[in-house]
2 protein chains.
Amino acid sequence: MTDFAATKAMFDLPKDVIYLDGNSLGPLPHAASGRVSDMMTREWGQMLITGWNKAGWMAMPTKLGDRIGHLIGAEPGSVVTGDTLSIKVYQAVASALELRPDRKVVLSDSGNFPTDLYMVEGLLRSLGPEYELRVVAPDEVPGSITEDVAVLMLTEVDYRSGRLHDMKALTELAHANGTITVWDLAHSAGAIPVDLSGCSADFAVGCTYKYLNGGPGAPAFVYVAPRLAERVRPALSGWLGHEAPFAFDLDYRPGDGIERMRVGTPPVIQMTALSAAMDVWDMADIQDVRAKSIELTELFIERVEAACPGLELASPRDPEQRGSQVSFRFADGYAAMQALIAHGVVGDFRAPDIMRFGFTPLYIDAQDVEHAVSILADIMTNRLWDTPEFKVRQRVT
Amino acid sequence: MTDFAATKAMFDLPKDVIYLDGNSLGPLPHAASGRVSDMMTREWGQMLITGWNKAGWMAMPTKLGDRIGHLIGAEPGSVVTGDTLSIKVYQAVASALELRPDRKVVLSDSGNFPTDLYMVEGLLRSLGPEYELRVVAPDEVPGSITEDVAVLMLTEVDYRSGRLHDMKALTELAHANGTITVWDLAHSAGAIPVDLSGCSADFAVGCTYKYLNGGPGAPAFVYVAPRLAERVRPALSGWLGHEAPFAFDLDYRPGDGIERMRVGTPPVIQMTALSAAMDVWDMADIQDVRAKSIELTELFIERVEAACPGLELASPRDPEQRGSQVSFRFADGYAAMQALIAHGVVGDFRAPDIMRFGFTPLYIDAQDVEHAVSILADIMTNRLWDTPEFKVRQRVT
């Protein structure tokens, strides 16, 4: 059984803040700063160029990949970290399309995170006018997996509502139709149990700065099913995905398996911070995290609905149908979220009217939830958001 | 006049090491570790998600871009940092090709760094069989800029020999032919004066972990000439290059000018280290750096040729024709370099027989050069490399 008091002690959280935005950017793991400082002074500073081998920098992308893979049901050696999620989406979809050259349609839904759609829009433009990005409503996905669909690209957990797609059922449906799947796990990895292997998923991608707590700009990851890895001719074929990067051949030859999805020089400093963050996961069981997350989100919904009648639940009511976040609609949601943040409860706002709250049992407990709701209720009851200070619209992340 | 004793004091160099490999990975700037530690604990730790605005993380890619731009003759607002050099090569070449849709050839040379060729090979494969990557010998480039060439992609300084291409003349030749240029400045930025604006360059890319000392895996940069920036439809069109990333529109609209070359979430920790490294450049004039670099390389060549008759110069003898590195050919170069490193002089080896030495006046002085040559001469004269320990081949970076 995961000791959540122990995991909470592994984070440096600001005093007087209840942080319900770890689904945007996870907090600082206590060990990360010292780990990075050590890497910089002892490894970079003293080993210099030899750190690539002596300190194991070159192997970090696959080692971290395996640690992440453990949380998402990936086979050892099937995940590699690097680049950003946008880049990994592009690489996965482009590589998937090459496996299905007779079809020209990528199917996605309007609940997908926009950058996934933007990246594929750009990719398909470059491939030619016969390619199409088809975007349907989330509930229309099953009926839209038609015979012309080469790739089904979905984000498992909707970034606004937290609605969960059924990965296993949709992957089966896709495969029955000859369609390759690319799953975006941005709001899944570290939030809910994922079983890529058990679902026979083809490709998956995700980021590590949300529930995995790797820090701002932490690298992304990509999964390729072992049965496909040796067949994939990777898009974005960079030198560190080459079979022999240091032979400096003029021609590209893909490396073994998942190694070929590497592109350029990996961000060693970011990876060191991520490595410290992954240590916390060694103390946690993702099934326990899920059970506790459901407790917390159920408690939050119950208390908010009792205390804040002006807020309308925008997430599925059935906990099995949602990820580890809860969203409420409120017309003045932007101002209300600013007021809430000013009072020490950090969630975030998504246009046009979504107040979004993430629940991460590694460092959020039931007492935090109760406390957050009492502050929210005070703001709503007394209209504390209705001031010029909070109603000014500005760019938020 | 740049005070090179003062710049040298800004780096943490290991005792008893003469580091002639800053052209692979620059050393640790003294301020970088503290700066990163502060960013992690005070910004990430305390500001959490609000750091994107409050700590200015979101603006770092363009602010750092301008600081790098200052060293390469780029107009303010024409450079942005992010991703890896491989990705930025892909983005620049793909975007350039869209500006010249009637032509299908990318011209490069066999002295280019392999990842540039690999990335373009992959790009062109996705664009279709009518596209061609044409690779010629470096001295054949001027005669190969024919009417079918859409994009000329060259690395200004050859990574093995240090040979310099004439950026101004080749860009003029390209433009006279209607060809768009993509210059890779990996071995130029911080090594030699570059005048992108004065050369009327179109696109340029580079990395920041070599002469700019940004640390292992530091982000790359991309330049787009202001006259083209608003015309470019960027390949790799990610959400942070969108006109309004936080509107979460389903359709991509390119952001203003260079902003559109951003892709995903920027690596804030790496960028913080790079920011500390760029502070050293505020103390230096790149013209002074070039003058001193020529002094150092001339001295090195003279001394090595006098003391080590077995080594054959592989770099241009005319300093105006080479970058800030010197390479020598030696059949047992791998073993000799291992022996040299074991004796405290760090250079690197490039297959099949190149011993490569980088000279970075920010922290290397004439005394270091004299000392390095005396150690090298001892190794060569007494065949100290001729032992099983040093002759074992292993992967080197």
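UniProt, in an unreviewed entry, places the feature "binding site" at L85(A), S86(A), F113(A), P114(A), T115(A), D116(A), T155(A), D184(A), H187(A), Y209(A), W239(A) and T265(A); positions follow the numbering used here, feature names are shortened, and such annotations may be inferred rather than shown by experiment. These positions spread over 181 residues of sequence and, in space, up to 30.1 Å between C-alpha atoms. The model is predicted: local features need pLDDT of at least 70, side-chain atom pairs count only at pLDDT 80 or more, and totals for chains, interfaces and linings use all residues. Residues are numbered from 1 along each chain as its sequence is written, chains are lettered from A and ligands numbered from 1 in the order in which they are written, and side-chain values use heavy atoms, with hydrogens and water left out.

Two of the annotated residues can be followed further. D116(A) lies in helix α6 (residues 114-127) of chain A; helices (H or I, at least four residues) and strands (E, at least two) are DSSP runs numbered from the N terminus. D116(A) is buried, with a relative accessible area of 1% (buried means under 20%, exposed over 50%, partly exposed in between, with a 1.4 Å probe and protein chains only). Not counting residues up to four places away in sequence, D116(A) touches V89(A), M153(A), T155(A) and D184(A), where contact means heavy atoms within 4.5 Å. H187(A) lies in the loop between β8 (180-184) and β9 (203-206) of chain A and is buried at 3% relative accessibility. Its contacts beyond four places in sequence include Q325(A) and R356(A).

Elsewhere in chain A, an open antiparallel sheet of four strands has the order β11-β12-β15-β14; two strands pair if DSSP finds at least two bridges between them. β11 (312-313) and β14 (348-350) of chain A each have a single partner strand, so one side of each is left without a neighbour in the sheet. β14(A) pairs with β15 (residues 354-358) of chain A over three bridges, and F349(A) has M355(A) as its bridge partner in β15(A).

The last topic is the interface. In chain A, 79 residues are in contact with 78 residues of chain B. The two chains bury about 7200 Å² between them, 67% of it on carbon and sulfur atoms; this is the accessible area (1.4 Å probe) lost on putting two parts together, summed over both. W44(A), Y118(A) and F248(A) supply 11% of the area that chain A buries against chain B, more than any other three residues. Two salt bridges are found across the interface, each a side-chain nitrogen of Lys or Arg within 4 Å of a carboxyl oxygen of Asp or Glu. The side chains of E98(A) and R125(B) meet in a salt bridge at 2.3 Å, N to O.
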